Amino acid sequence: NAGVTQTPKFQVLKTGQSMTLQCAQDMNHEYMSWYRQDPGMGLRLIHYSVGAGITDQGEVPNGYNVSRSTTEDFPLRLLSAAPSQTSVYFCASSYSGGGGRTTDTQYFGPGTRLTVL
Amino acid sequence: AQSVSQHNHHVILSEAASLELGCNYSYGGTVNLFWYVQYPGQHLQLLLKYFSGDPLVKGIKGFEAEFIKSKFSFNLRKPSVQWSDTAEYFCAVNAPGAGSYQLTFGKGTKLSVIP
């Protein structure tokens, strides 16, 4: 049981390039989320998914796309990288708990450190 | 919109000192509360959580937190810190209606423990 895995660990992009950050979980969690972490800002939610085929925007979605074709995978796409997207990106997953109650814990991946020049 | 405030940006303590990190939230309804820790170069790990019941919650590594509803607070405590507690600590809040996938984090408190 690997938990939440993310690739790559580090990435350097030039302004305008596109790329996809990969996230996978093997815990059969329905919910997955992407956060970015910036110094002095804590973590901010970018996008989230409540199941395969269902995604929605979080607090800071601009410049990012997501899709969820399977329960396990939740990739984050940067369409045209900008220096403001230099950050550490964390993927997280959680279980709904069933019955419409969402009281479980988010488990985080190791993060991807992205630098945009 | 709910927000989470952590009172201290950086706390420096000597080993064996007691620790209390403040966390306040603005949401008026029923909330779920979390403390996560991030050791240098590592990902976030859950320290403890509060959903309901006893407002004094015990977590891993000797940490505990007290939920005081009237003060909208969820402060983290440890009686005696160790050098290995050097890390950044994040308070996070989740309203049940928002789902466990939507945590709102505080800005974090960096703890440095001096041997």
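In this structure, 21 residues of chain B are in contact with 22 residues of chain A, where contact means heavy atoms within 4.5 Å. Before I go on, please keep in mind that this is a predicted model, in which local features need pLDDT of at least 70 and side-chain atom pairs count only at pLDDT 80 or more, while totals for chains, interfaces and linings use all residues. Residues are numbered from 1 along each chain as its sequence is written, chains are lettered from A and ligands numbered from 1 in the order in which they are written, and side-chain values use heavy atoms, with hydrogens and water left out.

Let me stay with the interface for a moment. Chain B and chain A bury about 1800 Å² between them, with 57% of it on carbon and sulfur atoms; buried area here is the accessible area, taken with a 1.4 Å probe, that two parts lose on being put together, summed over both. Across this interface there are five residue pairs in polar contact, both residues being at pLDDT 80 or more. A polar contact is a pair of N or O atoms within 3.5 Å, where, within protein, one must be able to donate a hydrogen and the other to accept it, and where residues adjacent in sequence count only if both atoms are side-chain atoms. On the side of chain B that touches chain A, the elements that give two or more residues are strand S5 (32-38), strand S6 (45-50) and strand S10 (87-94) of chain B, and S5(B) provides the largest share, four residues. Strands, in this naming, are DSSP runs of E with at least two residues, numbered from the N terminus. Sorted by class, that side of chain B has 10 nonpolar, eight polar and three charged residues; Ala, Val, Leu, Ile, Met, Phe, Trp, Tyr, Cys and Pro count as nonpolar, Asp, Glu, Lys and Arg as charged, and the others, Gly among them, as polar.

What is the count of salt bridges between chain B and chain A? That count is zero, a salt bridge being a side-chain nitrogen of Lys or Arg within 4 Å of a carboxyl oxygen of Asp or Glu. Over all chains, however, the count comes to six, and I would like to walk through a network of them that links Lys58(B), Glu64(B), Glu66(B) and Arg77(B). Glu64(B) and Lys58(B) meet through their side chains at 2.9 Å, N to O. Glu64(B) counts as buried at 18% relative accessibility, whereas Lys58(B) counts as exposed at 63%; buried means under 20% relative accessible area, exposed over 50%, and partly exposed in between, with a 1.4 Å probe and protein chains only. Glu64(B) also forms a salt bridge with Arg77(B), the closest N and O atoms being 3.5 Å apart, and this pair links strand S8 to strand S9 of chain B across 13 residues. Arg77(B), partly exposed at 23%, forms a further salt bridge with Glu66(B) at 3.2 Å between the closest N and O atoms. Because Glu66(B) lies in strand S8 and Arg77(B) in strand S9 of chain B, that pair ties together parts that are 11 residues apart in sequence.

Leaving aside residues up to four places away in sequence, Lys78(B) touches several others, among them Ala17(B), Leu19(B) and Phe63(B).

Finally, the aromatic rings. The count comes to 14 aromatic pairs over all chains, where rings of Phe, Tyr and Trp (its six-membered ring) pair if their centres lie within 6.5 Å, and planes under 30 degrees apart count as stacked, over 60 as edge-to-face and the rest as tilted. The rings of Tyr25(B) and Phe72(B) have centres 5.6 Å apart and planes at 70°, so this pair is edge-to-face. Tyr25(B) is in strand S4 (residues 23-25) of chain B, and Phe72(B), 47 residues apart from it, is in the loop between strand S8 (64-68) and strand S9 (73-78). Tyr25(B) is buried at 6%, while Phe72(B) is partly exposed at 34%. The rings of Phe90(B) and Phe105(B) are also edge-to-face, with centres 6.4 Å apart and planes at 85°. Both residues count as buried, Phe90(B) at 1% and Phe105(B) at 7%. Phe90(B) and Phe105(B) belong to a cluster of ring pairs that also includes Tyr35(A), Phe108(A), Phe34(B), Tyr36(B) and Phe51(B).
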